[in-house]
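Here is a brisk report on helix packing, nonpolar cores and a few backbone details. Keep the model in view while reading.

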Amino acid sequence: MMRTTQWSDAVSVIERVTIVLGCFGADDQRVGISELARRANLPKSTVSRLVSELVDHRYLERDGAGVRLGLRLFELGELAAQPRALRTLALAAMADLRDVTGHTVQLAVLEGVEVVYVGVIHGRNPPAPRARIGSRLPAHTTAVGKAILAFSAPDAVERVIETGLPRVGSAPLDVAAFRAQLDRVRADGIALDSDGGADCVASAILDGAGNAVAAISVCGRTGAFDAAGAGPAVHTAALGLARRL
C-alpha cells in the first residue's frame, strides 16, 4: 500500500504498523528496508525501527538483507478463520439441537481465560441474552468454558485458576470445588451451569487427540428448562461435530 500524504508524528503507532505490513504484495518473498520505506513513503529510520519491533514480536522475519511476513501473522489469520469454519460446520447441528430442545444453542471457543461465542441460534422464549456472537465471558463461569477446560491442557486450567475464579455478584469459586467440577465433566461428558435466570448444559467438541477445540451448549430459562435432561442430546451433537472435524 502506497502512502502519498506527508508523514506526521500524530499518526498512531497502529497506523504506522498497518502501513508497513500493507507494503507487502502477494508476490513478495522478501522486501528490503529501503524498498519498504519507498513504498510507505516514510523515513528509512522510522521503517527500520518499526521492522525491528515487528521482528521481535514475530510479525516479520529477517531473510538475508530483507524481511518477510512472519509466522505470527499466519497464526492470527488461522485464529480468525477457524471460528468461521467451525460455525459453518456446526450450523446444521446447532439448528437440529434447537429444534429438538426448543431452546437457545451456543457455540464457543476458548481464548486465554475467556470463552468467545462464535455462534448463537435462539430458541423459543430465550433467557436474557448473556452471550452474543463475539462476546466474551470468563471461562470458569460458563458451561461451555468448563466443558472446554475439562479437556484442555493443564496449563490452560492453571491460567484460569490464577485469575482467582471471580464470579459476578458472588464470592469466588473454591479452587478444589472447581477442579472437582472439571473432573465430573470429564466423567460425564457434559458441563452444567446456572446463572442469571438461565440454565445451560454444554459438551466439548474434541479433536482426534481428545483435546477440546470448542464447546456446544443449550440454554433455557431457569424453571422452564431441564438442563440435565438435555445433556445426552448436547453430548451426541458434540460427538457428531467431532467426527466431522
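Helix H6 spans residues 154–161, and its buried residues are Ala156, Val157, Val160 and Ile161. Buried means under 20% relative accessible area, exposed over 50%, and partly exposed in between (1.4 Å probe, protein chains only). Helices (H or I, at least four residues) and strands (E, at least two) are DSSP runs, numbered from the N terminus. The four lie on the same side of H6, because they cover an arc of only 140 degrees around the axis. That arc is taken from the directions from the helix axis to the C-beta atoms. An α-helix has 3.6 residues a turn, so residues three or four places apart point the same way. The buried residues of H6 pack against helix H5 (143–150) and helix H7 (175–188).

This is a predicted model: local features need pLDDT of at least 70, side-chain atom pairs count only at pLDDT 80 or more, and totals for chains, interfaces and linings use all residues. Residues are numbered from 1 along each chain as its sequence is written, and side-chain values use heavy atoms, with hydrogens and water left out.

**Cores**

The largest nonpolar core has 28 residues. Such a core is a set of buried Ala, Val, Leu, Ile, Met, Phe, Trp, Tyr and Cys residues joined through side-chain atoms within 4.5 Å. Val115, Tyr117, Val144, Leu149 and Phe178 have the most contacts inside it. Two or more residues each come from strand E5 (114–121), H5, H6, H7, strand E8 (198–206) and strand E9 (212–221). H5 gives the most to this core, with 6 residues.

Phe178 touches His140, Lys146, Leu149, Val157, Val160, Ile161, Leu165 and Leu173, not counting residues up to four places away in sequence. Contact means heavy atoms within 4.5 Å. Apart from this core lies another, of 25 residues, among them Val105, Val116, Ile190 and Ala238.

**Helix pairs**

The axes of H5 and H7 come within 9 Å and cross at roughly 75 degrees. H5 is therefore roughly perpendicular to H7. From H5, Lys146, Ala147, Leu149 and Ala150 make the contact; from H7, Phe178, Gln181, Leu182, Val185 and Arg186 do.

Helix H1 (residues 13–21) and helix H3 (residues 44–56) pack at about 85 degrees, with axes 11 Å apart. They too are roughly perpendicular to each other. Arg16, Val17, Val20 and Leu21 of H1 meet Arg49, Leu50, Val51 and Leu54 of H3.

Axes are lines fitted to C-alpha atoms, for helices over the stretch in contact, and angles run from 0 to 180 degrees between N-to-C directions. Angles under 35 degrees count as roughly parallel, over 145 as roughly antiparallel, 65 to 115 as roughly perpendicular and the rest as oblique.

| H5 with H7 | 6 nonpolar residues | 1 polar residue | 2 charged residues |

Ala, Val, Leu, Ile, Met, Phe, Trp, Tyr, Cys and Pro count as nonpolar, Asp, Glu, Lys and Arg as charged, and the others, Gly among them, as polar.

**Single residues**

Asn41 sits in the loop between helix H2 (33–40) and H3. Its phi is near 55 degrees, a positive value in a residue other than glycine. Asn41 is partly exposed, at 39% relative accessibility. Arg58 lies in the loop between H3 and strand E2 (60–63). Arg58 has a positive phi of about 70 degrees.
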